[in-house]
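Okay, thanks for coming, everyone.

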Amino acid sequence: MTIRRTFLTAAVVALSAALTACGTASKPASGGNSGSNELTVWFPGNSQVEIDLVTKTLIPKFEQQTGSKVTVTYIDWPNISPKLTTAFASGTTPDVWGHGTAAASGFVANDRVLALDDRINAMPASDRDDLNALLDKGVVDGKHYISPLSASGTLLVYRKDILQAAGVDPATLTSWESVYDAARKLKTPSRSGVQILTTPIADEQSFIALLTSDGGSMLSSDGKSATFNSAAGVDALSYMVKLYQGDGAVATGVGDDYLSRPPAQQPLALGTAAITQLGPNQLLQLVAAKPDLADKLGVLAPPSMGGHPGRAYGGVGTGLFISKDSKNQDLAWKFLQFMASPDVSNQYAQAIGSIPIRKSAASSDYVTKNPLLTTFLTAQPSYVANPNVPAWVQVRDVLSRYLQQALAGKTPPKDALDKAATEVKPLLEKS
C-alpha cells in the first residue's frame, strides 16, 4: 500500500501541473468511445490476478448483462496520470478511469469528471447505507465524483502471545495513551513495544491518524491554510517522537521501512516488535508467509487520543471516475454500479487483498475466512484520508520533511510543525 501510494502521489504532481497548463484551453470532444453501447475503461495497476479477474470474468459478465462492448486497458500506477494528461489534450479520454482520491480535486478543478450526486441519490437507501462509509471520501466542493473500487486502511496489529507473556490485555488498548503504557511493558533490548510507520511520506499517514484522533485537522475547512500545527498536532507529533526518542522510548529504528521487507522478515513475524501498523494486504501476506501466526495476531480498533474518538488513515484505495466528455455516461454509471455491487466488489477485494467496500461484506466468505479483516472493515467509518486539494502532494512532501526532522530529534515538534505550516502557506493559497 505505501509503495503504491508513493507512485500515485508522485504522478499526481505531474498530473496537476499538466492539467493546470491545459486547463484554459478548449476541450476537444471525447474520443474515448466510438459507439452508443461501448465503453473504454482504464484501470491503474499491474497485478496479474486483478487483470485476469477483471478481463476474463467481470467484463464478460457486464457485457452479457448490458449488451455492451467494454475495452479495458491496464496502466501502471506511475503512468496513469501522464497517460490521462495526454488523453485530455488529444480528445481520447476514456469513459471511465480509476485513480486515487488525491487526484480528484485536480480533475474537478479542470472540469474533467462528472458529478455523481444525482445518480447516487437515486440509489436505494439500503444500497447507499451499505457504501456510506466510503461514498463521502471523494467529495470535492460538496459534490461526489468517485465511486469506490477498493478500500484501504492502516491499523495496529499485535502479537497475542507476546502481549499475554507481558501481562497486557489487548482489550485495554483503546487509546494511544494506553498503547504507549503497554509498549513500555512490551519493550525488551531486542524488541520494540510498538512500531509505527515513520518513513518519509508514510510518517504523514501516522501523523494524520494521531492528529485526527486528538480532534485535530490537517487543513482549514476551505483548504486554504494549514491547521496541523495546532495543539492537537503538537500532541500528535510529540507522541510519535516519544515512541522513538528519550528515556521513555519504546521503539528503535525510526525510519525503518519494514513494509518493504518480505512478509516473513517483518517485525511481527520475527518477534522484534509486539505491535506494528499494517494494512490488510500486508497482514494477509504475512499470514500466508507464516501460517503459524494466524492465531497469534490480533487487530486493534482505531485508538482514541485525549478522549476523542479514534481515527485511522484510510478510505478509498482506488476509485472510478466518469469523464464529463463521455458520450455514454449512463452506461458508464451502470459499470460503476456493477463494480460496486456486493458480489463483484467482494470478488475484487479478495483478488487484490483489500478491504471490501461494503459493510455488509462482514458476512461474506472472504471476510469470514479471514477474520483478521473484520476490524479493518468495521473501522471504515473511522478512516480519514488526506485533504482533497490540488496542492496536497506538495504540502504533504513539505510536512513529511519536517516530520522527519522531529522524529530524528533534530527539531522540537512545535517548531517543526510551525515551520511546515509557514512553508506550505503559499502553496495552499495558490491552490
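This is a predicted model: local features need pLDDT of at least 70, side-chain atom pairs count only at pLDDT 80 or more; totals for chains, interfaces and linings use all residues.

Residues are numbered from 1 along each chain as its sequence is written, and side-chain values use heavy atoms, with hydrogens and water left out.

Which residues of helix 2 are buried? They are E50, I51, L53, V54, L58, I59, F62 and E63. Buried here means under 20% relative accessible area, exposed means over 50%, and partly exposed is in between, with a 1.4 Å probe and protein chains only. Those buried residues pack against strand 1 (38–44), strand 2 (69–75), helix 13 (329–340) and helix 14 (342–352). Contact, for this and what follows, means heavy atoms within 4.5 Å. After helix 2 comes G67, with a positive phi near 65°.

Let's move to helix 13. The buried residues in helix 13 are L331, A332, W333, F335, L336, F338, M339 and A340. N328 sits in the loop between strand 10 (312–322) and helix 13. N328 counts as buried, because its relative accessibility is 8%. The N328 side chain reaches the backbone oxygen of E38 at 2.8 Å.

In general, nonpolar side chains tend to be buried together in soluble globular proteins. A core is a set of buried Ala, Val, Leu, Ile, Met, Phe, Trp, Tyr and Cys residues joined through side-chain atoms within 4.5 Å. The largest one has 80 residues, and F43, L283, L297, F335 and M339 touch the most other members. Helix 13 gives the largest share of this core, 8 residues. What is F335 in contact with, leaving aside neighbours within four places in sequence? It's L39, V41, F43, I59, F62, V96 and L320. Apart from that core lies another, of 55 residues, with I162, I208, Y244 and A274 among them.

Now the charges. Side chains of opposite charge can pair when their charged atoms come close. We call it a salt bridge when a side-chain nitrogen of Lys or Arg is within 4 Å of a carboxyl oxygen of Asp or Glu, and by this rule the count comes to 12. One of them joins K324 and D111, with the closest N and O atoms 2.6 Å apart. K324 is in the loop between strand 10 and helix 13 and D111 in the loop between helix 4 (104–109) and helix 5 (117–121), so the pair ties together parts that are 213 residues apart in sequence. K324 is partly exposed at 38%, and D111 is partly exposed at 35%.

Another salt bridge joins K359 and D129, at 2.9 Å from N to O. K359 lies in the loop between helix 14 and helix 15 (365–368) and D129 in helix 6 (residues 125–135), so this pair ties together parts 230 residues apart in sequence. There's also a network of salt bridges linking D127, D130 and R358.

Most residues other than glycine have a negative phi. D111, though not a glycine, has a positive phi of about 60°. I201 has a positive phi too, near 80°, and I201 is in the loop between helix 8 (176–186) and helix 9 (202–213). Is I201 buried or exposed? It's buried, because its relative accessible area is 15%.

Methods: Helices (H or I, at least four residues) and strands (E, at least two) are DSSP runs, numbered from the N terminus. A polar contact is a pair of N or O atoms within 3.5 Å; within protein, one must be able to donate a hydrogen and the other to accept it, and residues adjacent in sequence count only if both atoms are side-chain atoms.
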